[in-house]
Amino acid sequence: MIRQLNRVLLLISKWSAWGGILLLLGAVLATTADVLARKLLGFTYQGTIDVVQLFVLSAAFLSIPYAFISRSHVAVALFTDKFGPRGQSAISLLASFLATVIMAAFAWFGFGHAAMQMEYGDVSQTIGIPIIWYWVPVIYGSALSSLISLVMSSESICKLLLGERSLT
């Protein structure tokens with residue numbers, strides 16, 4: 001069951017990461033267009049900073065879940081390699097548990113701030129993008145990362161209790 005859930009989460013996080021890549025490309029194109037327009041034509045696109053900030057923030061939080069599920073986060077191999085399989089599972093459990101708590105807190109508090117800013121009708125300074133659009137990828141990426149970390153925690157618990165054969 002954990003493997004099947006992992007496949008679904010991997011698919012969702014891959015599509016999210018591809019969306020993040022497209023948004024990052026959009027930020028690059030918007031910045032390039034603004035610089036070229038300024039240098040060659042003498043004018044600037046109004047709101048480029050608002051759009052680029054939204055795209056870069058979204059790209060980061062849409063990509064974070066894929067980094068979690070593909071285990072692309074940094075581990076200090078010099079430290080973790082000294083432990084056997086059970087020790088590495090224990091370290092993995094601790095790391096994934098902490099990641100679950102931190103990312104869930106980001107999602108929870110982000111949702112609270114997003115609701116408040118939506119209630120107040122906050123918008124970006126230059127072109128008036130509703131601030132809620134800045135919070136949506138933060139909440140989504142944090143919640144998905146938290147779910148992925150929770151699944152990783154359960155995998156580590158199974159490995160600790162039952163060994164590698166538990167996931168097959």
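User: Where is the place of F43?
Analyst: F43 sits in the loop between helix 1 and helix 2. Helices here are DSSP runs of H or I with at least four residues, and strands are runs of E with at least two, numbered from the N terminus. This is a predicted model, in which local features need pLDDT of at least 70, side-chain atom pairs count only at pLDDT 80 or more, and totals for chains, interfaces and linings use all residues. Residues are numbered from 1 along each chain as its sequence is written, and side-chain values use heavy atoms, leaving out hydrogens and water.

User: Why does F43 count as partly exposed?
Analyst: Its relative accessibility is 36%. Buried means under 20% relative accessible area, exposed means over 50%, and partly exposed lies in between (1.4 Å probe, protein chains only). So F43 is partly exposed.

User: Which residues is F43 in contact with, leaving aside neighbours within four places in sequence?
Analyst: F43 is in contact with D34, A37 and R38. Contact means heavy atoms within 4.5 Å. F43 and F68 are 25 residues apart in sequence, and their C-alpha atoms are 42 Å apart in space.

User: What makes A33 partly exposed?
Analyst: A33 has 32% relative accessibility, so it counts as partly exposed. A33 is in helix 1, residues 2-41. A33 and R3 are 30 residues apart in sequence and 44 Å apart in space, C-alpha to C-alpha.

User: Why is S58 called buried?
Analyst: The relative accessible area of S58 is 7%, so S58 is buried. S58 lies in helix 2. Not counting residues up to four places away in sequence, S58 touches L23 and P137.

User: Why is S146 called buried?
Analyst: S146 has a relative accessible area of 10%, so the word buried applies. S146 belongs to helix 5. Beyond residues up to four places away in sequence, S146 touches T100, M103 and A104.

User: How do the axes of helix 2 and helix 5 cross, and at what angle?
Analyst: The axes of helix 2 (residues 48-69) and helix 5 (residues 132-162) come within 8 Å and cross at roughly 5°. That makes helix 2 roughly parallel to helix 5. Angles under 35 degrees count as roughly parallel, over 145 as roughly antiparallel, 65 to 115 as roughly perpendicular, and the rest as oblique. Axes are lines fitted to C-alpha atoms, for helices over the stretch in contact, with angles from 0 to 180 degrees between N-to-C directions.

User: Which residues of helix 2 meet helix 5?
Analyst: Among them are D50, L57, F61 and F68. Their partners in helix 5 include W133, Y140 and M152.

User: Why are helix 4 and helix 5 roughly antiparallel?
Analyst: The axes of helix 4 (residues 85-120) and helix 5 come within 7 Å and cross at roughly 155°. Therefore helix 4 and helix 5 are roughly antiparallel to each other. Helix 4 passes helix 5 in a left-handed crossing. Left-handed means that the near helix is turned anticlockwise from the far one by less than a right angle, and right-handed that it is turned clockwise.

User: Why are helix 1 and helix 5 roughly antiparallel?
Analyst: Their axes come within 11 Å and cross at roughly 155°. So helix 1 and helix 5 are roughly antiparallel to each other. Helix 1 passes helix 5 in a left-handed crossing.

User: Where in the protein is confidence lowest, and where highest?
Analyst: Helix 3 (residues 77-80) is lowest, at a mean of 68, and helix 2 is highest, at 96. The protein averages a pLDDT of 90, and 93% of the residues score at least 70. pLDDT is the predictor's confidence in each residue, from 0 to 100.
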